[in-house]
Amino acid sequence: MVELADDAMTNFPVPDFDELPADLRERIEAETERAGFTPNVFAGFAYKPSHFRAFFDYHDAIVDDSALEREEIEMIIVAVSGVNHCYYCNVAHGALVRIYAKDPLLADQLVANYRTANVGEAHRTMLDVAVKLTERPTDVTREDLDRLREAGFSEEAIWDIGAVTALFNLSNRMAMFADMRPNEEFHTLGREGE
């Protein structure tokens, strides 16, 4: 049985799982079975079912229909969440970076300062553009897209870099506004010795 943690977020009430619409319950049950626990972001966005549907539909489209590798998607999320200081996404997606990159150190490097992370030049360019779009969106120019092309990214991958960055700026802001709290499980996933 799925229960949404009462402390999944502190600024809004966490809904009762049994009172959610059937499609939300099905999605949360599937994620709980896949992960082994219910990520608190599901409890948070369930506060407003129409927003839950829109957010996770867009998230799924970005993850399932992307020219980027999943590791690259998670790297962007963590670099963006790092500069935004989003506790929930730093911890939750940090775990996913560790898992998809098979690197127990990379997520911490990306959160602390992506510029000093142990990544290649193409990924550094990808992260530079994602962070620029996050911090100074009006400064992003055609030259930034050209830099991504020169680094080897296809036109579709460049679009996807922008889409992931945009979605997770929204996600960071909602997680911070609602004070979503990362599940304890995320802190240890993908670390050595697990």
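Colleague: Leaving aside neighbours within four places in sequence, which residues is Tyr 88 in contact with?

Modeller: This is a predicted model, so read every contact as a feature of the prediction. Tyr 88 is in contact with Pro 39, Asn 40 and Val 41, and also with Ala 175, Met 180, Arg 181, Pro 182, Asn 183 and Phe 186.

Colleague: Which residues have the most contacts inside the largest nonpolar core?

Modeller: They are Ile 76, Tyr 88 and Leu 110, in a core of 59 residues. At least two residues of this core come from each of α1 (22-35), α2 (40-45), α3 (49-64), α4 (70-84), α5 (87-101), α6 (106-113), α7 (121-135) and α9 (155-178).

Colleague: Which helix gives the most to this core?

Modeller: That is α9, with nine residues.

Colleague: How should I read the packing of two helices?

Modeller: Two packed helices are described by the angle between their axes and by the distance between those axes. Here α5 and α6 pack at about 135 degrees, and their axes are 8 Å apart. An angle over 145 degrees would count as roughly antiparallel, and the pair α5 and α6 is therefore oblique.

Colleague: Which residues of α5 and α6 meet?

Modeller: From α5 they are Asn 90, Gly 94, Val 97, Arg 98 and Ala 101, and from α6 they are Leu 106, Ala 107, Leu 110 and Val 111. Sorted by class, the contact of α5 with α6 has six nonpolar, two polar and one charged residues.

Colleague: Where are His 85 and Lys 102?

Modeller: His 85 is in the loop between α4 and α5, and Lys 102 is in the loop between α5 and α6.

Colleague: Is His 85 buried or exposed, and is Lys 102 buried or exposed?

Modeller: Exposed means a relative accessible area over 50%. His 85 has 63%, so this residue is exposed. Lys 102 has 73% and is exposed as well.

Colleague: How many disulfides does a search of the whole structure find?

Modeller: The search finds zero disulfides. A pair of cysteine sulfur atoms has to be within 2.5 Å to count. For Cys 86 the nearest cysteine sulfur is that of Cys 89, 3.8 Å away, and Cys 86 is in no disulfide. Cys 89 is likewise in no disulfide, with the sulfur of Cys 86 as its nearest. Cys 86 counts as buried at 0% relative accessibility, and Cys 89 counts as buried at 2%.

Colleague: Which residues does Ser 81 touch, not counting those up to four places away in sequence?

Modeller: Both of those cysteines are on the list: Ser 81 touches Cys 86, Cys 89, Asn 90 and Asn 172. Ser 81 is in helix α4 and is buried, with a relative accessible area of 0%.

Colleague: Is His 59 buried or exposed?

Modeller: His 59 is buried, with a relative accessible area of 15%; the cut-off for buried is under 20%. The residue is in helix α3. Not counting residues up to four places away in sequence, His 59 touches Leu 167 and Phe 168.

How values were computed:
Residues are numbered from 1 along each chain as its sequence is written. This is a predicted model: local features need pLDDT of at least 70, side-chain atom pairs count only at pLDDT 80 or more; totals for chains, interfaces and linings use all residues. Side-chain values use heavy atoms; hydrogens and water are left out. A nonpolar core is a set of buried Ala, Val, Leu, Ile, Met, Phe, Trp, Tyr and Cys residues joined through side-chain atoms within 4.5 Å. Buried means under 20% relative accessible area, exposed over 50%, partly exposed in between (1.4 Å probe, protein chains only). Helices (H or I, at least four residues) and strands (E, at least two) are DSSP runs, numbered from the N terminus. Contact means heavy atoms within 4.5 Å. Axes are lines fitted to C-alpha atoms, for helices over the stretch in contact, and angles run from 0 to 180 degrees between N-to-C directions. Angles under 35 degrees count as roughly parallel, over 145 as roughly antiparallel, 65 to 115 as roughly perpendicular and the rest as oblique. Ala, Val, Leu, Ile, Met, Phe, Trp, Tyr, Cys and Pro count as nonpolar, Asp, Glu, Lys and Arg as charged, and the others, Gly among them, as polar.
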